[in-house]
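Here's a quick tour for a first look at a protein model. Have the sequence and the 3D view ready, and follow along.

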Amino acid sequence: MLSHGHPKPARTGRPRSTAADEAILEACRASLVDLGWSKLTMGDVATRAGVAKTTLYRRWAGKNELVVDAVAVLFDELELPDLGSLSADVQGVVLQFAALLDRPETRTSLMAVVAESTRDDALRTRIRDSIVDRQKRLVLLGRQRAQQRGELPVEPDEASAASTADLIFDVIAGAVVHRTLVSAEPVDEDWARRFTVLLLAGLGAAAAT
């Protein structure tokens with residue numbers, strides 16, 4: 001006899017474990033520091049994380065995807081401070097970004113995945129989607145606060161505003177990454193202050209044109 005009651009909800013499988021995800025991503029970063037990109041395997045990460053290798057493959061298709069996510073969660077730690085002025089906010093996030101890049105697991109993971117992406121277009125797209133585009137939130141928030149304080153003008157044209165946000169992000173990220181990872185020079189408070197003066201002077205000049 002058929003039942004006409006409410007249908008049972010469809011089974012969606014075992015829910016993902018946040019603790020397991022965190023352990024896997026941490027193990028991935030540790031493996032990169034110890035082994036480097038070429039020797040890193042999903043099996044090694046699974047062993048370090050204390051999970052079955054099948055657990056990794058249920059979450060990530062392969063090493064590329066896993067490493068990008070392992071890097072992305074580190075950058076998600078960045079927060080834009082609200083220090084009362086655009087200048088102070090920029091200096092604060094620059095110092096925070098530099099401190100993050102100074103951590104061995106961040107430095108090794110980021111450089112490895114960026115180097116590999118030069119030979120893998122899909123990996124480059126994943127980096128842009130999972131890291132770059134997500135971190136543009138800091139620029140958008142900083143600009144919104146500055147506009148509310150009257151420090152920056154509002155750009156009424158959406159396309160122009162988006163282009164400006166991209167440029168600001170590229171300048172800040174490019175300068176800090178080059179300074180810390182390529183030149184291997186410190187990003188201290190004096191450097192952050194001078195960089196911020198230069199950046200804001202450029203924004204002021206662009207707004208006046």
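What follows is a short briefing, grouped by topic.

This is a predicted model, where local features need pLDDT of at least 70, side-chain atom pairs count only at pLDDT 80 or more, and totals for chains, interfaces and linings use all residues. Residues are numbered from 1 along each chain as its sequence is written, and side-chain values use heavy atoms, with hydrogens and water left out.

**The core**

- The largest nonpolar core has 54 residues, and Val45, Leu66, Val67, Phe75, Val94 and Val113 are the ones touching the most other members. (A nonpolar core is a set of buried Ala, Val, Leu, Ile, Met, Phe, Trp, Tyr and Cys residues joined through side-chain atoms within 4.5 Å; buried means under 20% relative accessible area, exposed over 50%, and partly exposed in between, using a 1.4 Å probe and protein chains only.)
- Several helices supply at least two residues each to this core, including helix 1 (18-35), helix 2 (42-49) and helix 4 (63-75). (Helices are DSSP runs of H or I with at least four residues, numbered from the N terminus.)
- In soluble globular proteins, nonpolar side chains tend to be buried together.
- Leucine 66 is in contact with Ile24, Leu25, Cys28, Met42, Val45, Leu56 and Trp60, leaving aside residues up to four places away in sequence. (Contact means heavy atoms within 4.5 Å.)

**Helix 8 and what comes after**

- Helix 8 runs for 25 residues and spans 34 Å from its first C-alpha to its last, close to the 36 Å expected at 1.5 Å a residue. (That expected span is 1.5 Å times one less than the number of residues.)
- Among its buried residues are Ala161, Ile168, Phe169 and Leu181.
- Just after helix 8, alanine 184 has a positive phi of about 55 degrees.

**Aromatic pairs**

- The whole structure holds 2 aromatic pairs. (Rings of Phe, Tyr and Trp, taking the six-membered ring of Trp, pair if their centres lie within 6.5 Å; planes under 30 degrees apart are stacked, over 60 edge-to-face, and the rest tilted.)
- Tryptophan 191 and phenylalanine 195 make a stacked pair, 5.2 Å centre to centre with 5 degrees between the planes.
- These two sit about one helical turn apart because they are 4 residues apart in helix 9 (residues 189-208).
- Both tryptophan 191 and phenylalanine 195 are buried.

- Arginine 145 lies in helix 7 (residues 121-149), and it counts as buried because its relative accessibility is 16%.
- Threonine 41 sits in the loop between helix 1 and helix 2, and its relative accessible area of 39% makes it partly exposed.
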